[in-house]
Amino acid sequence: MTKRNKISIKDFFVKNRKLFAVVLISIIFDQITKMTVSLFKTSNLIIIKNQFNLEYFINNKFIIDFGLNIYIKKSISFALTITLIYFLFIIYKKINKNKKYLYLGFGLITGGSLSNLIDRIIFGGVIDFINIHKISTFNFADIFLITGMVLIAFEFIKNNDNYLK
């Protein structure tokens, strides 16, 4: 039997500072863009007519809506996000962190998830503003989530060996 190495919270943050920098930067960037767009709630900035525009929209839809009240939605959203981040960190602890796309991907997913969670808690929904007609309305946190997943998948496909310690 081996003893588990215990590290302090400070050591954990120092050891994983790149990951936490990506998380923090993605949250700050997403929240600043949402705050900026919220200043112009009543206007719709058309970039390319009938194709692409910036439009303030609070998306209060939820995965499992079923007429749930806002407090239950917030609680479920909080629990799901924290559970996701917990499992991401368990996986992150077990992989080889020398792969730059992995920490970047995990950081973007965590940052995007937390930024959307902040919106759900404060506004009861996620602020979306990037509107591509006939496709979707989304925000930078959503872009970070998808980009993070693509980076992780790319890294695993590119180097399918030597991930687990």
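Where is the place of Phe154? Phe154 lies in helix H5 of a predicted model, in which local features need pLDDT of at least 70, side-chain atom pairs count only at pLDDT 80 or more, and totals for chains, interfaces and linings use all residues. Residues are numbered from 1 along each chain as its sequence is written, and side-chain values use heavy atoms, with hydrogens and water left out.

Phe154 counts as partly exposed because its relative accessibility is 41%, where buried means under 20% relative accessible area, exposed over 50%, and partly exposed in between, for a 1.4 Å probe and protein chains only. The C-alpha atom of Phe154 is separated by 8.0 Å from that of Tyr101, although the two residues are 53 residues apart along the chain.

Taken as a whole, the protein chain has five helices and four strands, and along the sequence these follow the pattern α-α-β-β-α-α-β-β-α; helices (H or I, at least four residues) and strands (E, at least two) are DSSP runs, numbered from the N terminus. Of the 165 residues in the chain, 36% are buried. Among contacts (heavy atoms within 4.5 Å) between residues at least 6 apart in sequence, 71% join residues at least 24 apart. The chain exposes about 11200 Å², of which carbon and sulfur atoms supply 67%, the areas coming from the Shrake-Rupley method with a 1.4 Å probe.

A nonpolar core is a set of buried Ala, Val, Leu, Ile, Met, Phe, Trp, Tyr and Cys residues joined through side-chain atoms within 4.5 Å. The largest one has 17 residues, and Tyr92 and Phe106 have the most contacts inside it. At least two residues of this core come from each of helix H2 (17–38), helix H3 (70–94), helix H4 (100–123) and helix H5 (140–158), with H4 giving the most, five residues. A second, separate core of six residues includes Val37, Tyr56, Ile127 and Phe138.

Asp128 is found in strand S3, residues 126–132. Asp128 is buried yet has no salt bridge, a salt bridge being a side-chain nitrogen of Lys or Arg within 4 Å of a carboxyl oxygen of Asp or Glu. The nearest side chain of opposite charge to Asp128 is Lys34, 6.3 Å away, where Lys and Arg count as positive and Asp and Glu as negative, while His and the chain ends are not counted. The side chains of Asp128 and Asn139 are instead joined by a polar contact of 2.9 Å, that is, a pair of N or O atoms within 3.5 Å; within protein, one must be able to donate a hydrogen and the other to accept it, and residues adjacent in sequence count only if both atoms are side-chain atoms. Not counting residues up to four places away in sequence, Asp128 touches Glu55, Tyr56, Phe57, Asn59, Thr137, Phe138, Asn139 and Asp142.
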